Amino acid sequence: MTDDTMPALIDPRLQPGSELLSAGRAMKRSWQLGSCLFLSENGVSSEAEWKRQCAAKGRVMQHAHIGFRDVNRTIEAIRTVHATSAKAGVTVDRFGITLDWSMGYPEGMRAKASRGTGIVLSGPEDFARITNAAPAAAHFGDFMLGLPGAVENTRAALAAGATAVGNLGQYFTFRLPYWDDDVATTEATVTALGLIAAQEETILVHSNLDDGFAGLFVDMACALGMVIIEKHIIEHLIGARVSHCYGHHFSDPLSRAAFHAALVRVSDTPGTMIFGNTVAYQGTPAANYASLASYLLADILSLGRWPAGHAINPVPVTENQRIPDIDEIIDAQCFAHRLASHAPFYEPVLDWPKIEAMAEILVDGGQRFAASVLRGLEELGVNTNDCAALMLAIRRMGPKRMEMLFGPGVQSSRGRMPLIHAEWARELNHKAADWVGKQGPLNARQPPLVCIGTTDVHEHGKYLVEQALEGLGANIIDAGVAIDPETLVAKARDTGANVIAVSTYNGVALSYAKSVKAVMAAQGLDLPVLIGGRLNEIPPDSNSGLPVDVRSDIAATGCLPCADLDEMLAALRASIGSE
Ligand code: B12
């Protein structure tokens, strides 16, 4: 296997996994699972125990996500959602909290880090305020494990009584601005996992597959293979339990149910939740209710047939417009509860053998993928029995290369044929092809050379724009995902690009646009900068803590904000002088 562009998969600076795990285990002397309202009022030792009890009774559990930035507002939201839903006969079993990405840094660096749209907790006391807001399980999923601040965050969450801590998926994909020390990230994550594994009670290591490589593989069988690989790392090598979550990118009920059926065949650890199919939310709240019903029905029916401990996640229908408010969260919970009472009547209507046949392909392909990844990495000299070395090698290899080298599909001149094409890729391919088909020729003196990158982990906007630009005849320079403005501008300069394109979703659109302009000015570079995605940001003096639209401010910097591909084409034509 020779590949000149392959990054170094082995790093001599990385401490052995066994030492990192021992260091984590030793922390147990000072950091043990604390109590909280959920554990004490329900008389359980962990959420895993609660999940097993509910699954045995056939009750569909419910997850609510709270996206506010302010701690007091978050606590108030948890209390109100829990109590108001209970009055309506609806049990909200768990609450997910969206930590801010600045929480991913080691504690000492957080105050100076740039902020996103999430919540900042300042220590175990703040975590305990969340876990004691209501007798429901607190789910600290994002920006905990998998980032350099993993140890501090995990200790605080455990002390506050949290028994589901994530997000392993993020370890493989997320990059914090100006942080490139993946060795330190791996060491922090493995140490935190050692502390988790040492607890007497079951602490679920949550992994949102869509946040990790599984959201980027073009073959769904590889996504299932990632479950098997993560189980090998967390359960076999580390001795903790990994709890999988999926769903953002699964819109088609058949593949959604089949993935669930496949998942239960390769894992008996209770899942955290089935995530809402948020990519389907593209319209008004009324239209989004149809998407909510569509994915929840598939989830409720799948959980009825294969009760795997996941909660369902009814995402409020305003989610694609802004961070949902309390009433909207309650409405979604009540909607889901009512749907759960209708769902069993659809059971006989479903074509279960078809679902099981797809699950069979996923399991078979996933097992082959996992086995070839482990075998292939070993052949490349990676010690696959060392959890830290294995994790770092996978992270560095990245999803595209991993799928190309080890995917179970047949190799062709255009890459590997997926066994089951991931929906996000299929949909975006069609969208781009449709759009390109309706455009006239670019008529530029020479094809533009566009250097494109993203500010954060969201890369589907970039994928779509790349396909559309290529369809128009443009050439693409891929500057990468979650890159700093300096890296993007340097790449554009070094490759002689004549357009820069930025895809951004994390609520940093204006600051990023300003930084790109400042770096370009410092280097005497003057290129058009197209910018699209979620063009919003929380103003520094905001008292609502909610992001606002910054399109006109972006335009004032001289960058070109684009709402969609049509606006992109207009901006491109204007800036490169085509008719
Ligand atoms: C899919 C998704 C994810 C996936 C991304 C998978 C991946 N690898 O790409 C995952 C699960 C990983 C994810 C993670 C997170 N997400 Co997210 N995610 C979404 C979601 C559902 C869809 C975004 C998307 O990919 N759309 C597909 C694209 C193709 O559609 P589009 O945006 O309409 O694209 C058009 C235009 O935007 C434009 N365009 C886009 N880019 C560009 C670039 C150029 C140059 C041009 C010209 C045009 C252009 O052209 C397209 C065609 O018209 C949105 C909600 C929603 N429904 O929009 C939230 C959303 C973007 N996510 C959000 C958040 C908060 C997060 C997290 C921080 C959550 C967390 N705490 O973990 C993390 C990010 C962590 C990080 N490090 O940054 C927020 C952003 C909040 C905000 N800014 O106000 C949103 C809006 C959800 C919400 N309402 O809270 N997410």
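**The ligand shell and the domain interface**

Of the 42 residues around the ligand, those that come nearest are Asp142, Glu319, His458, Glu459 and Tyr505, where a residue counts as near a molecule or strand if one of its heavy atoms lies within 4 Å of it. The model is a predicted one, in which local features need pLDDT of at least 70 and side-chain atom pairs count only at pLDDT 80 or more, whereas totals for chains, interfaces and linings use all residues. Residues are numbered from 1 along each chain as its sequence is written, and side-chain values use heavy atoms, with hydrogens and water left out.

The shell around the ligand consists of 18 nonpolar, 16 polar and eight charged residues; here Ala, Val, Leu, Ile, Met, Phe, Trp, Tyr, Cys and Pro count as nonpolar, Asp, Glu, Lys and Arg as charged, and the others, Gly among them, as polar. At least two residues of this shell come from each of helix H17 (460-472), strand S13 (499-504), strand S14 (529-533) and helix H21 (565-576). Helices (H or I, at least four residues) and strands (E, at least two) are DSSP runs numbered from the N terminus. H17 provides the largest share, four residues.

A polar backbone atom of Glu319 is 2.4 Å from a nitrogen atom of the ligand. An N or O atom in the side chain of Asn506 lies 2.9 Å from a ligand oxygen atom, and a backbone N or O atom of Gly533 is 3.4 Å from an oxygen atom of the ligand.

The protein is divided into domain 1 (17-353) and domain 2 (424-576), with bounds taken from an automatic or database domain assignment. Each of the two domains contributes at least three residues to the shell around the ligand. Their C-alpha centres lie 31 Å apart.

Contact (heavy atoms within 4.5 Å) joins 21 residues of domain 1 to 23 residues of domain 2. The two domains bury about 1700 Å² between them, 55% of it on carbon and sulfur atoms; buried area is the accessible area (1.4 Å probe) that two parts lose on being put together, summed over both. Trp101, Arg175 and Tyr178 supply 27% of the area that domain 1 buries against domain 2, more than any other three residues.

One salt bridge is counted between the domains, the term denoting a side-chain nitrogen of Lys or Arg within 4 Å of a carboxyl oxygen of Asp or Glu. Arg175 and Asp484 meet through their side chains in a salt bridge (2.5 Å, N to O).

Note on methods
A polar contact is a pair of N or O atoms within 3.5 Å; within protein, one must be able to donate a hydrogen and the other to accept it, and residues adjacent in sequence count only if both atoms are side-chain atoms.
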